[in-house]
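User: Hi! I've got a model open and would like to talk through how it packs. Can you walk me through it?

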Amino acid sequence: MNVFEKLGGIAVILGSLLLSAYAVLFPILLPLGTGSFDYAEVVRSPAWVPLALVAFAGVLALLVGFYAVYAKMRDTAGMQGAVGFLFVEAAYLLQACKVTWELFLYPVIARYPETAFLLRDAIIKNDPAVLAFRISASATILIGIVLFCLSIYRSAIYPKPAAALIFVGAVVYALGPMISVYVSIVGIFTFAVGCMLLGVRLLR
């Protein structure tokens with residue numbers, strides 16, 4: 001095993017653990033309640049920033065880890081794997097951008113009554129430019145994950161359940177915001193378990 005593969009495996013496992021922790025702690029530490037909730041109040045929670053930091057670190061770790069995952073199967077992945085990898089990396093860059101909003105901008109907006117309505121009434125979420133960004137990010141994740149998971153599944157290097165879990169988790173996460181925040185959390189957890197299997201394989 002070379003050092004690059006080892007570091008990549010550690011990055012994938014670390015990112016998976018961080019995202020799993022985020023998925024488990026999000027509904028426990030934040031005042032979500034049942035049914036609809038005040039998003040501005042959720043952002044004002046003392047746990048919001050620490051959880052956003054956990055998610056941010058997890059996304060960055062997976063950006064590094066997925067490069068190692070692709071590098072190990074590059075010779076057999078073909079054009080499909082290359083395109084899938086590029087879309088996955090682009091998707092995680094967009095996801096990192098989204099988390100920076102949640103980490104640096106949303107707490108400032110939620111802090112003041114004059115601006116809290118932007119979160120509470122979903123003004124930002126439904127803004128055409130933000131909506132276009134969110135749709136583009138979701139589409140990028142879906143395209144990248146479909147192609148990348150097919151390459152992982154067809155390779156003789158990684159366990160096939162990893163590809164299935166990553167695919168299902170990404171789809172559930174992408175569709176989650178249209179259904180419930182809890183659906184997105186289940187998607188994150190499923191995705192993280194699949195990624196962890198890839199990291200374990202890189203470390204063997």
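User: Let's start inside. Which residues of the largest nonpolar core touch the most other members?

Analyst: Happy to! This is a predicted model, and its largest nonpolar core has 54 residues. Those touching the most other members are Phe-66, Val-69, Phe-148, Phe-191 and Leu-198.

User: Which helices supply at least two residues of this core each?

Analyst: H1 (3-29), H2 (39-44), H3 (48-111), H4 (113-120), H5 (128-154), H6 (160-175) and H7 (181-203) each do. The largest share is that of H3, with 21 residues.

User: Nice. What does Val-69 touch?

Analyst: Leaving out residues up to four places away in sequence, Val-69 is in contact with Val-12, Phe-148, Ile-152, Tyr-158, Leu-198 and Leu-202.

User: OK, helix pairs now. At what angle do H3 and H5 cross?

Analyst: Roughly 155°, and their axes come within 8 Å of each other. An angle over 145 degrees counts as roughly antiparallel, so that is how H3 runs relative to H5. The crossing of H3 past H5 is left-handed.

User: And how many nonpolar, polar and charged residues are in the contact of H3 with H5?

Analyst: There are 24 nonpolar residues, seven polar ones and two charged ones.

User: I clicked on Leu-94. Where does Leu-94 lie, in which helix?

Analyst: Leu-94 is part of helix H3. Not counting residues up to four places away in sequence, Leu-94 touches Phe-133, Ala-137 and Thr-140. Its C-alpha is also 8.9 Å from that of Arg-134, although Leu-94 and Arg-134 are 40 residues apart in sequence.

User: Is Leu-94 buried or partly exposed?

Analyst: Partly exposed: the relative accessible area of Leu-94 is 23%, and buried would need under 20%.

User: Switching to H5 and H6. At what angle do H5 and H6 pack, and how far apart are their axes?

Analyst: The angle is about 170° and the axes are 9 Å apart. That makes H5 and H6 roughly antiparallel.

User: Which residues meet there, in H5 and in H6?

Analyst: From H5 you have Ser-138, Ile-141, Leu-142, Ile-145, Val-146, Cys-149, Ile-152 and Tyr-153. On the H6 side they meet Lys-160, Ala-163, Ile-166, Phe-167, Ala-170, Val-171, Tyr-173 and Ala-174. By class, this contact of H5 with H6 has 14 nonpolar residues, one polar and one charged.

User: Val-146 is in that list. Is Val-146 buried or partly exposed?

Analyst: Val-146, a residue of helix H5, is partly exposed at 33% relative accessible area.

User: One more pair: how do H3 and H7 cross, at what angle?

Analyst: They cross at roughly 125°, with axes that come within 14 Å. H3 and H7 are therefore oblique to each other, and their crossing is left-handed.

User: Which residues make the contact of H3 and H7?

Analyst: H3 brings Leu-62, Phe-66, Ala-68, Val-69, Lys-72 and Tyr-92, while H7 brings Phe-191, Cys-195, Leu-198, Arg-201 and Leu-202. Sorted by class, the contact of H3 with H7 has nine nonpolar residues, no polar ones and two charged ones.

Terms used:
Residues numbered from 1 in each chain as written. Predicted model: local features only at pLDDT ≥ 70, side-chain atom pairs only at ≥ 80, totals over all residues. Heavy atoms only, no water. Core = buried A, V, L, I, M, F, W, Y, C linked by side-chain atoms within 4.5 Å. Buried < 20%, exposed > 50% of the residue type's maximum accessible area, 1.4 Å probe, protein only. Helix = DSSP H or I, 4+ residues; strand = E, 2+ residues; numbered from the N terminus. Contact = heavy atoms within 4.5 Å. Axes fitted to C-alpha atoms, helices over the stretch in contact; angles between N-to-C directions. Parallel < 35°, antiparallel > 145°, perpendicular 65-115°, else oblique. Left-handed = near helix turned anticlockwise from the far one by under 90°. Nonpolar A, V, L, I, M, F, W, Y, C, P; charged D, E, K, R; others polar.
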